[in-house]
Every structure is written in structure tokens, then in C-alpha cells.
Amino acid sequence: MSDIAVSAQSITKVFGSLSGGLRALDDVSVDIKTNEFFTLLGPSGCGKTTLLRLIAGFETPTFGSIVLEGVDITTDPPFKRPVNTVFQSYALFPHLTVAQNVGFGLEMLGKTKKEITHAVDEVLALVRMEEMAHRYPSQLSGGQQQRVALARALAPKPSVLLLDEPLSALDLKLRKQMQIELKRMQMETGITFIFVTHDQEEALTMSDRIAVMSAGRIQQIGAPRDIYNAPTNRFVADFIGESNFLPAEVAEVGMVTLANGNKVPAVVPDDLVTGSKVTVSIRPEQVELDPAGEGVLAGTITELVYFGTDMHAHVDLGDGSVLVARVQAEADRSLVKGEQAGVRFASGGLRVVEDGS
Amino acid sequence: MAERVRKAFSIRRLPGFTTVTMICFAALYAPIIVIVLYSFNAGDSVALWEGFSLDWYTVAAQNEQVQDATLRSLLIALWASGIATTLATMAALGTTRTAKFPGSTLIYVLINQPLMVPEIVTAVALLIFFASIKVATGYSGLAYLILAHAAFCVPFAYLPIRARLEGMDRVLEIAAADLYATPWQTFRRVTLPLVAPGIVAGAMLAFVISLDDVIITEFVKSAGQDTLPTYMLGQLRRAVTPEVNAISTALLGLTILLLTAFFILTGRNDKSA
């Protein structure tokens with residue numbers, strides 16, 4: 001068996017005319033590994049759902065090809081692809097019971113009644129919906145419908161399961177619970193999951209790897225930790241978690257000069273020469289504030305935003321830029337709004353990021 | 001909240017609303033009520049009440065011409081609504097399940113043409129058209145009437161079916177295709193069952209429309225091809241008898257039955273869809 005489940009090769013998708021149409025995907029290439037929980041993450045309109053629909057076969061690419069386990073399926077209709085989808089709206093058949101919904105795919109594949117019954121029981125047990133087998137979708141809650149939609153897509157044991165923002169209609173608590181369950185199901189079934197979401201937290205929680213998308217292109221592909229800790233460009237740094245951005249200049253290997261002339265250590269790509277104007281990013285939790293005024297930068301605390309264990313302190317650096325620091329709420333007493341504070345950066349926190357989109 | 005609701009504009013609070021409503025309903029239903037009442041009249045006057053009886057129903061039922069006309073009406077209505085519903089279903093699929101194409105609005109207008117063209121124009125056109133076919137083929141059976149009825153019944157069947165198809169979530173058909181259903185299987189297992197109430201409703205509406213058509217039937221029918229409505233028209237030209245009242249009442253009963261079923265079906269659609 002091939003190590004790559006799905007390979008999208010130089011995919012461009014244009015809706016409408018080639019010259020004036022909407023370019024939803026622009027030369028996108030990505031390899032998704034077998035048994036991987038892979039997430040396409042990006043804001044709405046970034047092309048993530050289009051890529052999913054191309055893999056499912058609901059659309060055909062303008063250029064490029066889709067290869068599934070070594071077979072080119074670019075022009076195959078959806079019903080010939082061993083790929084199933086969990087739709088955002090669930091799309092359960094209202095005239096069929098839960099069991100009939102779940103058995104639909106197997107029935108279309110020509111399985112015997114016995115095989116279907118067995119598989120339906122098994123997959124309903126997996127999503128913990130055995131009790132509901134003879135109900136109709138309209139008799140189920142949103143969360144239950146979601147489980148049935150999952151069961152229906154898993155029942156034919158597809159090579160790849162596509163999930164199009166399936167949790168977006170659930171309330172927060174149920175969503176958290178389903179995130180963990182989805183991960184469990186993916187482990188238990190060993191099926192490759194391709195998950196589409198605009199929720200970065202959801203992506204970080206569940207994924208083996210994430211592709212961050214924006215404006216029809218993939219900005220970065222990597223494990224959640226790598227994406228969070230080492231964003232390659234400004235978009236990724238900004239979209240995943242929160243980031244502060246500062247102008248700087250490359251000083252020497254591993255050092256940048258900040259606007260006030262102070263040299264600080266930073267992660268600098270090797271191809272940048274000394275003197276290059278760059279943008280550096282730093283996470284709020286990697287910014288340390290010192291009320292005594294010691295630090296590489298100094299500013300005035302303009303805002304203290306309290307939320308439970310943590311607190312955000314906004315520091316005006318005097319040149320119009322504002323730095324956000326996440327500090328422990330106990331530090332509340334020493335930090336005072338309107339007072340001066342010194343700013344230090346945790347080692348390894350400061351990174352040069354590409355300015356591109 | 002209650003305060004605001006009371007202040008909101010309501011047409012029911014306009015002066016004279018109740019009176020106007022009553023007058024409208026009286027104008028609509030009083031004549032029908034008179035016909036229904038006099039169909040149970042014992043005497044043979046249509047204006048003088050002489051006591052209750054079912055005599056006129058018996059007379060009508062035993063009249064061979066009425067029997068023939070009734071059977072012919074039902075036969076034509078069944079065939080015509082069947083043909084019209086089949087065509088309308090295909091037309092509805094063609095206009096809702098294909099990519100938007102230039103001229104699709106024109107197609108919509110063309111399908112609904114019988115609703116807009118004056119019926120008398122269609123009747124004359126069909127008369128002339130069928131006359132030349134009759135000369136050419138020598139055939140003068142019921143097929144002309146069936147085809148003529150089918151033609152003007154299409155939009156009545158088309159509109160509820162189209163409404164149902166448009167109300168149906170396209171993602172269901174996409175989901176079926178995703179679950180290995182071929183286009184034909186998708187149609188048979190998902191589209192058709194979900195559209196079925198619309199199709200049945202359309203068929204019933206077409207049936208009722210065919211059943212009471214006079215103008216086109218009068219023009220297209222050959223000698224001895226009276227339907228119930230044209231037979232009644234013929235009778236009224238000679239003499240007004242309570243027999244016609246009895247037939248009207250029976251026809252009214254059948255129509256009410258079918259239309260009630262139609263509204264129950266379309267009403268249920270709204271809840272399930």
C-alpha cells in the first residue's frame with residue numbers, strides 16, 4: 001500500500017471564465033499520508049472547501065490532478081471514488097431511518113443484506129448510536145444527527161474520509177467532546193481523515209498535520225506544534241494563535257536589531273543578509289514584562305485585560321505600535337495601567353516571518 | 001410586549017372588514033349552496049322547493065348519456081393527468097436540476113404558456129390542428145381529447161412539482177452520489193421519494209382541471225364524445241332540470257375530495273422539508 005493516501009498535484013480551480021473568474025485554488029500541491037488526521041485550515045474563502053470538493057469529486061480542477069492511492073481519479077464522478085464525505089449540514093436522507101441512512105452506501109455498493117446489517121450495527125456502535133437505529137433524522141438532536149452522518153460516511157470503509165466543518169453547528173461543549181471522539185474514531189478505524197475547519201483551536205487539538213490556507217494557496221504545512229511554534233510567514237503567525245509583529249533589521253547570525261537599536265537574539269533564516277529589513281513575530285506568552293523597567297524595549301501599559309488564569313497587558317512602545325503580553329493574573333498587582341514597564345522576550349520566541357500574504 | 005402587539009397594524013381592525021368578508025364569501029358560495037340544495041328538490045322546478053328527495057340523483061345515475069359522459073370524463077382525466085404529470089416531472093427536473101442556461105426563463109414561460117394564452121385561442125388552434133390530422137389519418141377517437149387535456153394540464157402539474165424540487169436540499173443528491181449511488185440510483189432512491197408528494201399533488205390538480213374543462217373539450221370533441229361538463233352544457237341549452245344540479249353536486253363533491261387531498265399533501269410537505 002502506498003504511503004500517500006491522497007495527492008493533489010498543482011491544482012488550480014477557477015470558477016467562471018479563466019481570465020476574469022474567481023481563482024479559488026492557485027497551484028496547490030499537497031500529499032496526505034495514509035492513516036493521517038490532516039486538517040485544511042483557513043479563513044472562509046481560502047479555498048479549503050473547494051480542495052475538499054475536488055477530492056470528493058463534486059468539482060473537477062481547472063488544472064492539475066488528484067491521485068488517490070496511486071490512481072489518478074481527477075475526472076472520476078463522486079460515486080466511483082472510494083471517498084466519503086461528512087457534510088456541514090449532515091445531509092441525512094429525511095425519508096430513511098438511521099439504519100437505512102447508514103446502510104445506504106453499502107447498499108449502493110451491492111453488499112448483501114447480511115453484510116449491511118452487520119456493518120451498520122458495527123459502525124452505529126462506534127458512534128454510540130445503536131439505540132437510535134430505527135428513528136428518522138427529524139427525531140434526532142443536532143449532535144445525534146452529526147453522529148449518524150459520521151456513521152454513514154464511515155460505514156463503506158472509505159480509503160479517505162472528508163469532513164467539511166462538521167462540528168460548526170454544535171455548541172461549544174458538544175464540539176469539544178466530538179473533537180476528542182473524532183480523533184478516537186480515526187485511531188480505531190485507521191482511515192485517513194481530511195478535516196476542513198476555520199477554527200485554529202480545533203485544528204491544533206485533532207490534527208496530525210495541518211495545511212494553513214489563504215487566498216487559494218497553502219501557506220504552511222506541518223504538525224500543530226511546528227505550525228504554532230515556527231510559523232513561516234506573517235499570515236500563519238497571525239491566524240494560528242496570536243502574534244505581535246515588530247519591524248527589525250538583520251544584524252548578524254541569530255540576531256536582529258529592533259527599532260530602538262537594541263540587538264536581540266531571534267530565529268533568522270540563513271538566506272537573509274545583514275541589514276535586511278524584516279518583520280519579527282512573538283507570541284504574547286513569550287513576552288515578559290518587568291515593572292522595574294528592565295528590558296530590551298520599554299513602553300507604557302495602556303490596558304490590562306483580565307480573563308481568569310491569564311491576563312493580557314497592552315504595552316504602547318511609544319512609536320505607535322502596541323505589544324500584547326500574556327501574563328499570569330497574579331502579576332496583576334505589580335503591573336499598573338499607565339505605568340512604565342520593561343519588555344523582555346523569552347529565548348527562541350522571536351522569529352523572522354515573511355511578510356507575504 | 002402585549003401592548004406593542006395590540007398597536008401593530010392589522011387589516012382585521014379596519015372598519016367594515018367583517019362586512020366585506022361576509023359579502024365576498026356570500027357571493028362566492030351562495031350560488032353553489034343553492035345548486036346543492038335544489039339537487040335534493042322533490043319537484044322538477046329549479047326555483048320552487050317541493051320537499052327533499054334523492055330522485056334527481058337516481059335519474060342522473062340511470063341516464064345512459066350521463067353514465068357514458070362520466071366514464072369518458074374519468075378516462076380522459078386519468079390519461080391526461082398521467083401524461084401531463086410525467087411530462088411535468090421531467091420538465092421540473094430539467095429546469096431545476098441542470099446548470100442555469102441562457103433562455104431558462106423563456107423555457108419556464110413556455111412551459112406555463114397554457115396559463116397565460118386565452119383558452120379559446122388554444123381551443124381554436126387545437127381544433128384546426130387536429131382537423132387536419134383527422135383528415136390525414138382518418139382516426140377520430142378519444143386520443144385527441146386526451147392529448148389536448150394533457151397539454152393544458154402540464155403547468156398545473158409542473159408548478160407543485162417544481163416547488164417541491166426547489167425546496168429540496170441539493171446536498172442530499174450530492175450525498176447520495178458520494179455514497180456510490182449512480183445518477184439513476186440517486187434519482188430513484190433519493191430524489192423521487194422526496195418529490196413524490198409534489199408529484200401526487202400535481203397529478204391531482206391536473207386531474208381536477210381536466211375533469212371540468214369545457215371550452216377546449218367543446219372545440220376538440222367529435223360527435224358522441226361528450227364529457228360530463230359538455231353534456232351538462234348541452235342539457236342546459238334545452239331545458240334546466242334539477243338533474244344538472246345533481247350532477248354538479250356530485251362533481252363538486254369529487255373535486256372537494258381531491259383538492260382536500262392536494263392541500264393535505266402539500267401542507268405536509270412544508271413540515272417535513
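Predicted model: local features only at pLDDT ≥ 70, side-chain atom pairs only at ≥ 80, totals over all residues.
Me: What follows α1(A)?

Reply: The residue after α1(A) is Gly57(A), and its phi is positive, near 100°.

Me: How should I read a sheet, and in which order do the strands β2, β1, β4 and β5 of chain A stand?

Reply: A general idea comes before the case. In a regular strand, side chains alternate between the two faces of the sheet. In chain A, four strands make up an open sheet with the order β2-β1-β4-β5, and their pairing is antiparallel. Its edge strands are β2 (22–33) and β5 (71–72) of chain A, each of which pairs on one side only. Inside this sheet, strand β1 (residues 4–15) of chain A and strand β4 (residues 63–68) of chain A run antiparallel and are joined by five bridges. As one example, Thr12(A) stands opposite Phe63(A) in β4(A).

Me: How many bridges join β15 of chain A to β19 of chain A?

Reply: Strand β15 (residues 287–290) and strand β19 (residues 340–345) of chain A pair over four bridges in the antiparallel sense. Here Glu288(A) faces Arg344(A) of β19(A). Strand β16 (residues 297–307) of chain A also runs antiparallel to β19(A), with four bridges between them. In that pairing, Gly342(A) of β19(A) is the bridge partner of Ala298(A).

Me: Is Lys277(A) buried or exposed?

Reply: Lys277(A) counts as exposed because its relative accessibility is 69%, and the cut-off for exposed is over 50%. Its side chain meets that of Glu249(A) in a salt bridge of 2.8 Å, N to O. This pair links distant parts of the chain, with Lys277(A) in strand β14 (residues 277–282) and Glu249(A) in strand β11 (residues 244–252) of chain A, 28 residues apart. Glu249(A) is partly exposed, at a relative accessible area of 30%.

Me: How many salt bridges does the structure hold over all chains?

Reply: Over all chains, the structure holds 26 salt bridges.

Me: How should I read an interface, and what area do chain A and chain B bury between them?

Reply: The size of an interface is often given as the accessible area lost when the parts come together. Chain A and chain B bury about 1,900 Å² between them, 69% of it on carbon and sulfur atoms. In chain A, Phe79(A), His95(A) and Met108(A) lose the most area to chain B, together 32% of what that side buries. The contact takes 25 residues from chain A and 18 residues from chain B. One salt bridge is counted between the two chains: Glu107(A) with Arg189(B), whose closest N and O atoms are 2.5 Å apart. The largest share of the side of chain A that touches chain B, four residues, comes from α2(A).

Me: Into which domains is chain A divided?

Reply: Chain A is divided into domain 1 (4–234) and domain 2 (242–353). Their C-alpha centres lie 39 Å apart. Between them, domain 1 and domain 2 of chain A bury about 670 Å², with 48% of it on carbon and sulfur atoms. On the side of domain 1, Tyr228(A), Pro231(A) and Arg234(A) lose the most area to domain 2, together 73% of what that side buries. Across this interface of chain A, the rule finds zero salt bridges.

How values were computed
Residues numbered from 1 in each chain as written. Chains lettered and ligands numbered in written order. Heavy atoms only, no water. Helix = DSSP H or I, 4+ residues; strand = E, 2+ residues; numbered from the N terminus. Pairing = 2+ DSSP bridges. Domains from an automatic or database assignment. Buried area = accessible area lost by both parts, 1.4 Å probe. Salt bridge = Lys/Arg side-chain N within 4 Å of Asp/Glu carboxyl O. Contact = heavy atoms within 4.5 Å. Buried < 20%, exposed > 50% of the residue type's maximum accessible area, 1.4 Å probe, protein only.
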